[in-house]
Amino acid sequence: MDLTTILNRIQFGTAISYHFIFPPTTIGLSLVILITETLYYFKKEPLYKHSGNLLIEVLAIIYVIGVATGSVMEFLFGTNWTGFAIRGGDVVGPPAAIEAITSFALEGAFLAILVFGRNKVSGTIYWVAAILVFFGAHFSGWWIISANSWMQTPAGYDVQGDTFVVKNFIEAMFNHSTWVRYGHTINASWLTGLLLWLGISAWYKLKNKHEEFSKLCFSIALPLLFIFALSQIVLGHLSAVTVDRYQPEKNAAIEGIFETQKFAPLYLFGIPDRQANKILLPVAIPGMLSFLTGLSFDREIKGFNSFPPENRPAIEVVFQTFHLMVLFGGALLLTGLVGSILLFRKKLARQKWFLWLLVCIVPLPYINNELGWVTAEIGRQPWVIYGLLRTADGSNTTVPFAQVLITLIALFVIYIIISFFAFFFLKRTISKGPVSEEAFGYGG
Amino acid sequence: MGFYLGYTLLDGFDLGIGMMFTFFPRNAKDRFTIFNKIWPFWDGNEVWLIMGTGTLFAIFPLVYGTILSHFYLLILVFVFAIIFRAVSFEFWPKESRPGRKKMWETVLVVCSFIMAFLFWLVAGNILMGIPAAGTPKAPDYFWDIFSPVPLVLAVTGMNLFLMHGFAYTIDSTSGKLKTAAIRMAIRYWYVYVAFYILFMIFILIYNPHAAGLFYFWIGAAVYLVAIVLQKIFLSLANSFWFFWASASGIIGTWVVIGSIHFPVMIKQTGQAERNLTVYDSSNTLTVLILMAFMAGLGMLIVIGYTIYVYRVLRGKLKT
């Protein structure tokens, strides 16, 4: 693989990984805000409104950076992956465009209402705005995931010369993996938003501030955390089954199965060794992988070595990212369970250790979001469109190496700078706490 | 490409105001007042750029790929400017430390210049023709980008945005600030006329065949009429119509540059047979129909709720 392509991969990977900090937060917060605004709409108590105000201010900061980093992506397909853009554009272009037209525009317009319009529109319109922001954010996710899912499990297409064209748009968008990956990603976003809400509340509780805000959050978010962590495992399982069915190379890599076999073991831990063709330091449940995949111990799992060497993804990387993600997912489930029990027993306030845990665990869903995507995208290599177009062939190799390097470094530096400021402003906004009308909103 | 037109009409005034801030208004508080007038809308305005680029990707992937690949550095610098401008919109109001506040305002202004300049520079280059996608670059191709017509279009375009920024400022403010803005716009109008003349001259020198094109003269006429109308509405202090006169100047410019090569979208330098026309770079019929529907209907809906949000959130500020 030539150097320029490697740089292209790093650049795109950096840009999208950084971007993916923000949309799940936006989607998750849109859920939380919908909850608080709905409560306010029907019960009219100031607590709900003030909670909403704080969360909307946080969302505003997150959203802007999401927009900035997301707009970058729209261009990066063409600048660094020209071959992919031209050859796959008939299929991948429309969802990208439709996302911008139907979801992004909607979300942005009505977020403006949420941020600036509390006193300018009726209560009903404001609530509708919250619904539309929720809808816009989730709809955005749909188009992006379906485009990426097409790259993973292509369907509904024809080949015309060297380009891939749409044969059946519905089939292409609703391909084999779209639904389950969308569900898994949205669920992940909800976990992200809920944990952010919980983290903020736990922080307030530890400082003995804004007691009502925290109480509201715990009563809603802790049980939801448990439920959604559970559903995430179910959706994760369904995703894994899909991967086994449609991307067997990726499956072999993430599960660490070198030789084709029935009664395949489920590895919980290990270090894949490609030379030795085995997992070092293994901890495994015999036969469990076959059983989970096909509900039968006789289910045959294709081995990593059964595929041509040029088609094998980086097993050393994706095995670890996959297993770490599952491990951390389990940690979230446990947190939700313990939290719900403490809540139920009304012992939450006195368990300071748990409150600290909630604060410290906020980064975990973010880590998992990234781990999941690394698994998905590195696992798809060497393909950019699975089975159809290799990454190296979709890359733009006409741009001088030096130019790509400069832009990559610039991107790094810019994102680091923005992160500092984002943290600073988020911290300040959160320290202010839930605010009333007069303090909320902006000058003018 | 309606999306790109919409983009210039909307983000045009955001960028114009950003550039305007270098010399007007003089005091920071007034600048912040005007800033508040674009604050709720800038994001919705910028979306049009994304919608346009996405639609280009969807309908003319060959054109999309060719443009973005050829102008790699320019596009990436443009993208960096987008990033910084976006966050400056959020960080400038939130900053209370004066030094930092000034820093973010500077970021906003600089990025506005960069975005306006690069947008029209790329447009000008496309107008004059670019090499086919996949052809290796000539060693000094980078400096070719800064040739006469693209540069002229770049500065003319920035000037269009600046006037548009004045137009929006006049329309959104009242009292002393509005009067001051009108006075500035009246003085700027002479510069605006000069750019028109410059632009027309260069276009005709480098594209002599344009003199025979019907739509070229339509575009030129619209632009000219816009100039006249601007003068009239400025003296009448009619802010609403002045805004649309400014918009007409932008529309006229698009008609002019669009007319020159239509239906060729990308003129390939040195290889006329490889010109990318509207017809042969577009996609399968399925996608064309789908996108026509989505883009058309989508645009109407977006315009609809954009107007609604503008109505709801606007309100002139008494100074």
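A polar contact, to begin with, is a pair of N or O atoms within 3.5 Å, where within protein one must be able to donate a hydrogen and the other to accept it, and where residues adjacent in sequence count only if both atoms are side-chain atoms. This is a predicted model, in which local features need pLDDT of at least 70 and side-chain atom pairs count only at pLDDT 80 or more, while totals for chains, interfaces and linings use all residues. Residues are numbered from 1 along each chain as its sequence is written, chains are lettered from A and ligands numbered from 1 in the order in which they are written, and side-chain values use heavy atoms, with hydrogens and water left out.

Between chain A and chain B, eleven residue pairs are in polar contact, both residues being at pLDDT 80 or more. By contrast, zero salt bridges are found across this interface, a salt bridge being a side-chain nitrogen of Lys or Arg within 4 Å of a carboxyl oxygen of Asp or Glu.

How much area is buried between the two chains? About 5700 Å² is buried between chain A and chain B, with carbon and sulfur atoms giving 78% of that area; buried area here is the accessible area (1.4 Å probe) that two parts lose on being put together, summed over both. Of the area that chain A buries against chain B, 12% is supplied by A:F75, A:I101 and A:F421, more than by any other three residues.

Counting contacts, meaning heavy atoms within 4.5 Å, we find 69 residues of chain A touching 64 residues of chain B.
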